[in-house]
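I opened my notebook and went through this structure step by step. Here is what I looked up, in order.

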Amino acid sequence: MPRRFGLLLLLTAAVVLAVAYVGARIFQVAGTPFSVNLVNAHTAVIVPIPGIPLPKALEPGDRVDLAATPQPTRIAIVGRILPVGRTYEFVIRRGRTIVTVPVTSVDTSTGTGAQWSAWGFFCFFVLLGGIALLASWRGRDRAAAGLALWAIAFVFADAASLLPLDGGFGLSVQLGVEVLYLCARAGFYMMVESMAGAALTPRVRTIWRGSFLLLLGAGAVVTLGGLLVFVATGWAGFLQPQYQFIYTAGYLVPVALLFVNYRHAIGAQRQRLRWMLWSSVVFVASVFVSDTQLLGFWASIITNNLLLPIAMAGFLYAVLRHRVVDISVVLDHTLVYGGMTALVVGVLAAVNSLVEHAALGTSASLLLQVIVPLALGIVLSRVRLYLDRIVEQVFFRKKYLAEKALRSFARHCTGYENTQGLLAAAAQIIHEKLSTPGVALYLRKDGQYAAAAQQGDISYPESVNIDDAAFAAARSGQKDIDLSELHSALGSDGYVFPMGAQGVLVCANRPGEHYAADERKLLATVARQVGRALHSMNIRESLDFVRAVARGSLDLNGVREQALKLEAGWVEN
């Protein structure tokens with residue numbers, strides 16, 4: 001455990017440094033003042049970058065003889081991010097005329113759309129780093145491990161690709177970047193295959209896995225081999241879009257597998273996979289545009305950088321909200337609401353400062369200087385209330401809907417006429433809405449507590465001694481009793497909630513997670529309302545018995561049994 005913790009700390013530091021480096025670097029990158037688009041395996045064409053002037057010796061559409069161009073320049077072509085001020089010689093063929101044009105690398109961040117593209121890439125990178133750390137620290141299954149491998153490999157590959165390098169060392173780094181991208185594809189497939197779980201038979205799993213490995217191997221040959229052959233000979237056949245599609249195809253197998261899983265999923269699982277599927281489609285589209293450069297170098301880069309944050313936001317939403325992989329993480333209400341309060345306070349301070357300097361000036365009266373911030377505070381306090389509602393329904397939507405359903409049941413449970421129907425309904429709604437692995441309701445009967453209703457995988461005892469520690473604590477007036485603090489026949493995992501004098505409600509904890517304070521408060525309310533409903537039923541039955549005796553309509557054979565039943569109910573109350 002200490003070793004794993006140390007490795008996670010090192011990994012976290014590396015990811016944070018990578019994010020910091022990208023944030024500092026992405027807004028000021030250098031390269032050639034034009035893009036080089038392949039025409040065929042031997043020729044490329046000069047395409048101007050919008051907003052960046054071409055060197056005087058070059059014209060749009062000039063053709064580059066790749067084989068005749070020096071090797072350092074060929075490395076610069078595949079490296080993309082270059083040191084500022086380096087000069088590279090391009091061999092230009094114009095008809096029968098061949099000229100060598102020296103080109104100096106410049107700052108390309110001034111190009112049209114470059115800043116928007118940089119912001120898009122930075123947002124993507126921050127989200128990707130968050131996914132990497134989340135899956136590494138809190139992941140608990142093979143799917144989470146695949147997600148972590150994919151995100152971590154992508155983080156380091158993208159950060160390394162922004163290093164301003166050329167020459168042999170630059171080529172080595174570029175090859176390492178491509179290897180990391182291949183590892184990312186393996187992690188992505190591992191995640192999707194693990195999500196499929198038992199839905200894949202061994203034979204079907206082998207077919208999917210073989211298809212993926214075949215395309216991954218072909219992509220490795222095309223990319224790594226294509227780079228080495230191009231740098232060595234100038235032949236760029238494997239770098240053309242039709243071959244780079246093979247490289248992208250490594251992602252198509254897991255996306256197809258995800259689609260098959262989605263087609264056969266039902267209910268909540270289908271909704272979870274829908275987010276993952278659409279995010280994967282957007283992500284693969286961005287990778288396809290980047291790998292094949294069908295839109296041209298500059299347009300492909302901008303499109304890729306704008307699509308990536310959309311895909312990452314979808315992945316993160318699917319992980320946090322729908323738990324498509326088993327990640328132990330809790331978004332604490334206090335943390336989120338604290339963040340929203342800090343945001344509102346920050347906005348209030350900014351607006352107040354703006355009003356003071358722009359509208360009030362230095363000659364405003366003291367009264368006006370007091371009234372304006374007060375008015376802004378009142379307005380923004382209403383804004384904060386609306387934001388709190390939005391947060392509740394977005395970040396905690398599942399919990400919000402569960403609480404809403406349980407509160408509604410607590411209000412309406414006094415309308416039940418049948419004891420068994422009430423208890424069965426209470427057990428079912430608590431089990432469904434809180435995803436508890438076990439819930440049971442016990443009633444006092446014949447000097448002990450008997451299980452009147454149960455739901456879930458956990459099997460509670462049918463009867464428990466009346467002086468069991470959990471029931472004794474419930475009768476002492478506690479609102480909720482933690483079973484881990486007691487020695488009870490009900491076990492040691494979960495909580496007990498009193499239902500007045502009628503009985504108790506028992507709820508097992510969710511795997512690896514205890515109920516939060518607000519959830520325990522809600523369950524205590526539900527238990528109390530169920531107890532009141534049972535008490536009301538006893539009163540109605542007593543009144544019915546008295547009326548039957550008064551009217552002489554009571555069946556004498558059942559009088560003793562009915563009287564004993566009512567006596568038991570009143571004594572327990």
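Surface and overall make-up. I note here that the model is predicted. Next I checked burial: of the 573 residues in the protein, 44% are buried. Then I counted secondary structure and got 17 helices and 13 strands. I also asked what share of the contacts with a separation of 6 or more joins residues 24 or more positions apart. The share is 63%.

The sheet. I followed five strands that form an open sheet, in the order β2-β3-β4-β5-β6. Their pairing is antiparallel. Which strands are at the edges? They are β2 (34-38) and β6 (97-104), and each pairs on one side only. From one strand to the next, the twist averages 40°. I reminded myself that strands of a sheet pair through backbone hydrogen bonds. Then I looked at one pair in detail. Strand β3 covers residues 43-48, and five bridges join β2 to β3. The two run antiparallel. In this pair, Leu-38 stands opposite Ala-44 of β3.

One serine. I picked Ser-279, which sits in helix α9 (residues 267-292). Is Ser-279 buried or exposed? Its relative accessibility is 5%, so Ser-279 counts as buried; the cut-off for buried is under 20%. I then looked for a polar partner. A polar atom of the Ser-279 side chain lies 2.8 Å from the backbone oxygen of Trp-275. I also listed contacts of Ser-279, leaving aside neighbours within four places in sequence. They are Ala-311, Gly-314 and Phe-315.

Helix α14. I tested the length of this helix, residues 419-434. It has 16 residues, and at 1.5 Å a residue they should span 22 Å. The end C-alpha atoms are 23 Å apart, so the two values agree. What caps the N-terminal end of α14? Asn-418 does: one of its side-chain oxygens lies 3.0 Å from the backbone nitrogen of Gln-420. After the helix comes Ser-435, with a positive phi near 55°. I finished with the buried residues of α14, among them Leu-422, Leu-423, Ala-426, Ile-429, Ile-430 and Leu-434. I kept a general rule beside that list: an α-helix has 3.6 residues a turn, so residues three or four places apart point the same way.

Technical notes:
Residues are numbered from 1 along each chain as its sequence is written. This is a predicted model: local features need pLDDT of at least 70, side-chain atom pairs count only at pLDDT 80 or more; totals for chains, interfaces and linings use all residues. Side-chain values use heavy atoms; hydrogens and water are left out. Two strands pair if DSSP finds at least two bridges between them. Helices (H or I, at least four residues) and strands (E, at least two) are DSSP runs, numbered from the N terminus. Axes are lines fitted to C-alpha atoms, for helices over the stretch in contact, and angles run from 0 to 180 degrees between N-to-C directions. Buried means under 20% relative accessible area, exposed over 50%, partly exposed in between (1.4 Å probe, protein chains only). Contact means heavy atoms within 4.5 Å. A polar contact is a pair of N or O atoms within 3.5 Å; within protein, one must be able to donate a hydrogen and the other to accept it, and residues adjacent in sequence count only if both atoms are side-chain atoms. The expected span of a helix is 1.5 Å times one less than its number of residues.
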